[in-house]
Amino acid sequence: MSYEVKGLNEECGIFGIWGHQDAAKVTYFGLHALQHRGQEGAGIVANDQGKLKGYRNLGLLAEVFDSPEHLEDLTGKAAIGHVRYGTSGSGGINNIQPFLFKFYDGDFALAHNGNLVNAKNLRQEVEKTGGIFHSNSDTEILMHLIRKSAALNFKDRLKEALNQIKGGFAYLLLTEDAMYVTLDPNAFRPLAIGQMKSGDYVVASETCALDTVGATFVRDVEPGELITITDFGMELDTYTDETQYSICAMEYIYFARPDSNIKGVNVHSARKNMGKKLAKEYPAEADMVIGVPNSSLSAASGYAEASGIPYEMGLIKNQYVGRTFIQPTQELREEGVRMKLSAVRGVVEGQRIVLVDDSIVRGTTIRRIVKLLKNAGAKEVHVRISAPPLKYPCFYGIDIENKKELIAANLSISEIKDEIGADSLDFLSEEGLVEAIGLNLDAPYTGLCMAYFNGDYPTKLYDYESNLLVEQGV
């Protein structure tokens with residue numbers, strides 16, 4: 001039996017800066033480096049001498065801020081921004097962040113990356129006491145919890161609210177006199193702090209955004225931390241001591257840019273190691289190795305290096321088409337696959353190919369790519385995936401909501417091979433993935449969330465517990 005979870009999962013990018021003369025413009029460039037994390041909408045809120053003003057809209061960042069006045073109107077020395085990817089059913093400008101709230105006792109803006117697993121119950125509790133929501137995003141819940149708190153100051157109210165929400169979250173909050181930075185107790189989503197030459201602090205979902213704006217990396221935000229940035233500097237604090245690193249493995253496999261570092265590990269290096277491990281675990285007799293652009297190119301180079309098989313550019317990507325995995329509807333995903341890739345006939349014709357990709361989710365993309373290569377004359381296509389099979393839904397902020405969407409949850413590897421038209425198919429082992437990433441944490445656990453592969457969720461699932469039981473036939 002299958003059960004479709006109606007969630008508001010999202011994989012987004014957040015950026016913030018405090019103390020810079022052109023804060024909104026710096027935020028724009030920072031968000032540009034994070035565009036791969038969200039293509040549905042974007043927004044920026046700036047703080048100009050205690051007055052918060054924002055602009056947001058649907059579309060890519062350059063489409064949202066297509067007129068100079070949109071940025072020029074956002075004056076001030078502090079700003080936060082957001083690029084959003086939302087799942088089907090959660091579109092619309094009301095869900096585009098940052099959210100800007102104006103109250104009698106002050107304003108604040110909120111940007112969020114992740115997904116709360118107890119959002120449904122919290123929302124019901126808030127609505128029962130008269131709370132009104134302006135969006136169907138779980139992000140808005142934090143604001144309601146802060147306002148409900150009886151604590152004496154904003155920071156204590158925020159701490160109380162953070163201890164009520166569960167799941168994966170990275171938040172940036174901008175108030176009249178501070179920027180607050182916080183991460184969930186498992187650090188599912190990455191969040192890094194940097195510093196400009198002028199001393200201004202910068203916060204971003206990935207370190208590649210720090211590099212883009214010329215900031216020097218200072219530190220990662222730790223799980224359970226609450227950091228306050230003001231004109232007086234950066235103050236470190238925590239809202240909980242019950243923490244355990246469970247960084248989303250898909251950040252290393254697929255989502256993050258290869259030039260980013262997550263908890264001291266370079267993403268490109270991790271992906272290249274995945275390819276090397278894959279070549280040792282599942283060699284193939286072939287004439288060339290081809291990677292699926294762009295996120296699989298690092299793994300493909302690792303496979304080629306370890307196997308001794310030449311690496312070739314057999315697929316060309318149209319760089320102006322969005323990533324098919326993060327399109328809101330299945331129809332758009334399939335259309336995107338047809339538009340985004342072309343096979344290089346002069347390279348692949350008559351050749352035995354090892355095709356390296358980083359994941360098979362629904363099977364749409366890889367099926368089309370195998371067909372592209374064979375139509376271009378490839379003699380054999382041996383598919384190698386630089387991650388284990390995705391068999392379980394994710395509830396912490398990635399668009400994998402139910403087993404019905406996951407081909408590996410419903411078919412054997414041999415059946416998937418036949419379904420996608422490959423001559424052979426193999427996946428990297430869980431052990432190989434952990435070793436390839438190589439997180440150096442002094443703990444008896446991997447530091448990674450591997451729930452997508454083995455169903456071992458690091459937290460209680462709250463709203464989703466019954467749904468998962470139904471999927472498992474319990």
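Begin by selecting Phe-99, Phe-101, Phe-103, Phe-108, Phe-154 and Tyr-180, which together form one aromatic cluster in what is a predicted model. Across the structure the count of aromatic pairs comes to 16, and one of them can be picked out inside this selection: Phe-108 and Phe-154 form an edge-to-face pair, with 5.7 Å from centre to centre and 65° between the planes. If you now colour by secondary structure, you will find Phe-108 in strand 6 (residues 106-116) and Phe-154 in helix 6 (residues 154-162), so this pair ties together parts that are 46 residues apart in sequence. With a surface displayed, Phe-108 counts as buried at 3% relative accessibility, and Phe-154, whose relative accessible area is 17%, is buried as well, since the cut-off for buried is under 20%.

Next, clear the selection and move to strand 1, residues 13-18. Is this strand enclosed or open to the outside? Of its 6 residues, 6 are buried, so strand 1 is largely enclosed by the rest of the structure. Turning the view around the strand shows that both faces are covered, with Gly-13, Phe-15 and Ile-17 buried on one side and Ile-14, Gly-16 and Trp-18 buried on the other.

The last stop is Cys-12, which is found in the segment before strand 1. An unreviewed UniProt entry carries the annotation "active site" for Cys-12, and such annotations may be inferred rather than shown by experiment. In the model, Cys-12 has 0% relative accessibility and therefore counts as buried. Which residues does Cys-12 touch, not counting residues up to four places away in sequence? Show side chains for Arg-37, His-82, Val-83, Arg-84, Tyr-85, His-112, Asn-113 and Ser-205, and you will have the residues that Cys-12 touches on that count.

Conventions:
Residues numbered from 1 in each chain as written. Predicted model: local features only at pLDDT ≥ 70, side-chain atom pairs only at ≥ 80, totals over all residues. Heavy atoms only, no water. Buried < 20%, exposed > 50% of the residue type's maximum accessible area, 1.4 Å probe, protein only. Helix = DSSP H or I, 4+ residues; strand = E, 2+ residues; numbered from the N terminus. Phe/Tyr/Trp six-rings, centres within 6.5 Å; stacked < 30°, edge-to-face > 60°. Contact = heavy atoms within 4.5 Å.
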